[in-house]
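Here are some notes to read with the model open beside you. Take them in order, and look at each spot as it comes up.

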Amino acid sequence: MSTAVLSPRPAPRPRAALAPARPARRAGSPARPAGSLPAWAWRLPAVAATALLPWLVVLAVCHETAWVALDLGELAALLRLDALLRRRSPAALPAACAVAVLLTGDALADVGTAGQGLPLLAAVVMAGCVELPLAALCLALGRRSAARA
């Protein structure tokens, strides 16, 4: 007969001591890996392209041909980026770079050609709150898409 059966068993360790500590999450917040983008960010190029349509109509009515051409290029680039992101294509990174260059150039041209006062303020606000953040987000989307492909 074995003496192991007669010896007392050690007390089991608590489960909390076995598992590594997890950071607390807020109730209702989705679990995402660090550095990942939220789901709504992946749809932003299509939303931005859709939001650009009324502005294109305003520019066309005002006979601003050069701005219409630039914004049509931005529209096409945003739609192409959206299509590449949906397919998780590695070509999304160069498309994202093209969108970022177009948006940055548009912001620079808007600020550089704006008149004094309110037009300049409007150009700076549009550049700082819409065009440049969208360019940065498109670059982040292209980089994440290239890493996922």
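1. Ground rules. This is a predicted model, so to speak of local features a pLDDT of at least 70 is needed, side-chain atom pairs count only at pLDDT 80 or more, and totals for chains, interfaces and linings use all residues. Residues are numbered from 1 along each chain as its sequence is written, and side-chain values use heavy atoms, with hydrogens and water left out.

2. The overall fold. The protein chain has six helices and zero strands, and along the sequence it reads α-α-α-α-α-α. Helices here are DSSP runs of H or I with at least four residues, strands are E runs of at least two, and numbering starts at the N terminus. Of the 149 residues, 28% are buried. Buried means under 20% relative accessible area, exposed means over 50%, and partly exposed is in between, using a 1.4 Å probe and protein chains only.

3. H5 against H6. Have a look at helix H5 (residues 92-113) and helix H6 (residues 118-148): their axes come within 8 Å and cross at roughly 170°. That is why the two, H5 and H6, are roughly antiparallel to each other. The contact of H5 with H6 is made up of 19 nonpolar, three polar and four charged residues. Axes are lines fitted to C-alpha atoms, for helices over the stretch in contact, with angles from 0 to 180 degrees between N-to-C directions. Angles under 35 degrees count as roughly parallel, over 145 as roughly antiparallel, 65 to 115 as roughly perpendicular, and the rest as oblique.

4. H4 and its partners. The axes of H4 and H5 come within 9 Å and cross at roughly 155°, which makes H4 roughly antiparallel to H5. H4 and H6 pack with their axes 11 Å apart, at an angle of about 30°, so H4 and H6 are roughly parallel to each other. The crossing of H4 and H5 is left-handed, and the crossing of H4 and H6 is left-handed too. Left-handed means that the near helix is turned anticlockwise from the far one by less than a right angle; clockwise would be right-handed.

5. The largest pocket. Its volume is about 710 Å³. Of the 26 residues lining the largest pocket, those closest to its centre are Trp55, Asp71, Asp110, Met126 and Glu131. H3, H4, H5 and H6 are the elements that give two or more residues to the lining, and H3 gives the most, with eight. By type, the lining divides into 19 nonpolar, one polar and six charged residues. (Ala, Val, Leu, Ile, Met, Phe, Trp, Tyr, Cys and Pro count as nonpolar, Asp, Glu, Lys and Arg as charged, and the others, Gly among them, as polar.) On a 1 Å grid over the protein atoms alone, a pocket is an open set of points where a 1.4 Å probe fits, with protein on both sides within 12 Å along at least five of seven lines; lining residues have an atom within 4 Å of a point. Grid points are joined across faces, edges and corners, and the volume is the space filled by probe spheres set on the points.

6. Two loop residues. Which loop holds His63? His63 is in the loop between helix H3 (44-61) and helix H4 (65-86). Phi of His63 is near 60°, a positive value in a residue other than glycine, and His63 is exposed, with a relative accessible area of 67%. Arg88, in the loop between H4 and H5, has a phi near 55°, again positive in a residue other than glycine.

7. Pairs apart in sequence. Leu70 lies in helix H4 and is partly exposed at 23% relative accessibility. Leu70 and Asp106 are 36 residues apart in sequence, with 7.5 Å from C-alpha to C-alpha. Val111, in helix H5, is partly exposed with a relative accessible area of 30%. The C-alpha atoms of Val111 and Val124 are separated by 6.1 Å, and the two are 13 residues apart along the chain.

8. One more residue in H5. Is Val101 buried or exposed? Val101 is found in helix H5 and counts as exposed, at 59% relative accessibility. Val101 and Leu139 are 38 residues apart in sequence and 9.9 Å apart in space, C-alpha to C-alpha.
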